[in-house]
Amino acid sequence: MIKSLLLCCINLSLSFIQPPPSEFWYDEVSWQSNRVNPYIGKRPDLPKSVAINCIKFHSPVGDKGHLTSGYGFRPSTQRMHRGVDISLPSNSPIFSVWDGKVRVVGNDPKGFGVFIVVRHHNGLETVYGHLNSTSVKKGDEVRAGEKVGLSGNTGRSTGPHLHFETRFLGGDFNPSLIIDFKDRTLRNPTFVWTKQLYPDYNKMPLETYRLKSEMTLEELCDEKDWDLETLCLLNGILPDMVLLKGRVIRIVH
């Protein structure tokens, strides 16, 4: 009896010192990246499936806002919409969805505007874009329901709203698979991520483009107003890699 109790106590104490899932899946290099996708241009080793604990949850917008745009490719703009848009008044509080640690606080005037990326202890990362201001900095520990910023209309935005994304190992997937945005609740306490959810833009209609001068993919996307992450994934090219004149790359038709 005493031996069984001791073994139980030892197993319980070991469970408390196990690293959180985020430390198991992500390395230090990815932590140092200031990009939303720290694996842009290089596909990481992916598990077949992962059961993710989502229990300690808080709506990113509290009890405000409503969904105005869903996840998916937009033929009208030839861009992938990697999250959902939630309309709400400017300067409304934005909350961390789960416990975690702030990985990026940045400003992307041509895209997310002022944005935050939180790496959660359950292994997911969430992105909060088009903010007016932030109340956290890189490395801050945050709790589910803790305010991280105020909503706004910064970056590529036509009105005040929150652009919200869920990602695993850099790859975006539909946040509505986890969250019921109408009721602002979890769909299930455990979310099973599968390898099939990782972005595969090769399934989209593609064409080719021949570079007219030496440049990086990042410079080309700035010039053409193309989506950098999509092109990096399509071509297996890092954004700052110099490409020679005449190089042929794949783009979304």
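This is a predicted model: local features need pLDDT of at least 70, side-chain atom pairs count only at pLDDT 80 or more; totals for chains, interfaces and linings use all residues.

Residues are numbered from 1 along each chain as its sequence is written, and side-chain values use heavy atoms, without hydrogens and water.

Begin with the aromatic pairs, of which the whole structure holds nine (ring centres of Phe, Tyr or the six-membered ring of Trp within 6.5 Å; planes under 30 degrees apart are stacked, over 60 edge-to-face, the rest tilted). Select Phe173 and Phe191: their ring centres are 5.3 Å apart and their planes lie at 10°, so this pair is stacked. Phe173 belongs to strand E13 (residues 171-173) and Phe191 to strand E16 (residues 190-194), 18 residues apart (strands are DSSP runs of E, at least two residues, and helices runs of H or I, at least four, numbered from the N terminus). Phe173 is buried at 1% relative accessible area, and Phe191 is buried at 8% (buried means under 20%, with a 1.4 Å probe and protein chains only).

Next, select Phe24, Trp25, Phe168 and Trp193, which ring pairs link into a cluster.

Then select Arg119, which lies over the face of Tyr26, 3.9 Å from the ring centre (NZ of Lys or CZ of Arg within 6 Å of the centre and within 35 degrees of the ring normal). Lys138 places its charged end over the ring of Trp31, 4.8 Å from the centre.

Finally, select helix H5 (residues 228-235), where seven of eight residues are buried. Gly236 follows H5 and has a positive phi, near 60°.

How values were computed
Buried means under 20% relative accessible area, exposed over 50%, partly exposed in between (1.4 Å probe, protein chains only).
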